[in-house]
Amino acid sequence: MTIEGRVWTCGDHVDTDAIIPARYLNVSTAEALAVHCFEDVDAAFAREAGATEEPRIIVAGHNFGCGSSREHAPLAIKGAGVACVIAKSFARIFYRNAINIGLPILTCTEAVEGSEAGDRLRIDLRAGTITNLTQGETYETSPFPSFIMDIIDAGGLVAYTSQHG
């Protein structure tokens with residue numbers, strides 16, 4: 001699976017309340033959450049959710065997705081047209097929730113440090129490569145094991161279980 005898209009950057013310790021404010025936790029669909037994704041951090045991000053067919057790729061620092069364990073955060077991100085998140089590190093429960101809903105997330109410090117907002121990236125999830133097409137650099141990361149790729153390809157754990165149950 002190959003993903004191409006534009007980079008949107010954020011820093012360290014982005015918590016789930018920054019991703020989707022708690023006042024929207026009564027909503028549970030990706031589409032409804034998407035319009036509020038990062039709204040208190042960057043109103044344009046939420047406003048542009050779904051406005052373009054080109055996927056977005058979030059590039060972040062350490063401990064992305066820290067905070068509460070709710071699944072709303074990765075669901076809002078995915079609904080907002082984000083095809084992948086690349087970070088220096090992830091909060092463990094966010095990582096698990098992202099895979100469960102079929103949102104690919106990669107750890108690659110070099111790609112984070114070598115990317116700027118607006119850069120165009122090409123990510124090969126099976127090979128574990130991230131190419132910054134704007135900067136002309138390629139970075140290596142660990143590819144997903146085949147069972148996780150199967151979950152991502154299916155669109156998440158529920159979809160995978162339905163297909164293979």
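In what order do the seven strands of the open sheet stand? In this predicted model, for which local features need pLDDT of at least 70 and side-chain atom pairs count only at pLDDT 80 or more, totals for chains, interfaces and linings use all residues. Residues are numbered from 1 along each chain as its sequence is written, and side-chain values use heavy atoms, with hydrogens and water left out.

The order in the open sheet is β4-β3-β2-β1-β5-β6-β7, with mixed pairing, where strands are DSSP runs of E of at least two residues and helices runs of H or I of at least four, numbered from the N terminus, and two strands pair if DSSP finds at least two bridges between them. Because β4 (105-107) and β7 (137-140) stand at the edges with a single partner strand each, one side of each is left without a neighbour in the sheet. Strand β1 (residues 2-9) pairs with β2 (residues 56-60) in the parallel sense over four bridges, and Trp8 has Ile58 in β2 as its bridge partner.

Helix α7 (residues 146-154) has Ile148, Met149, Ile151, Ile152 and Ala154 buried, that is, under 20% relative accessible area with a 1.4 Å probe and protein chains only. The cover over these buried residues includes α5 (92-100) and α8 (157-164), judged by contact, meaning heavy atoms within 4.5 Å. Gly155, with a positive phi near 100°, follows α7.

In the packing of helix α4 (residues 72-79) with α5, Ala73, Pro74 and Ile77 of α4 meet Phe94, Asn97 and Ala98 of α5.

Technical notes:
Buried < 20%, exposed > 50% of the residue type's maximum accessible area, 1.4 Å probe, protein only.
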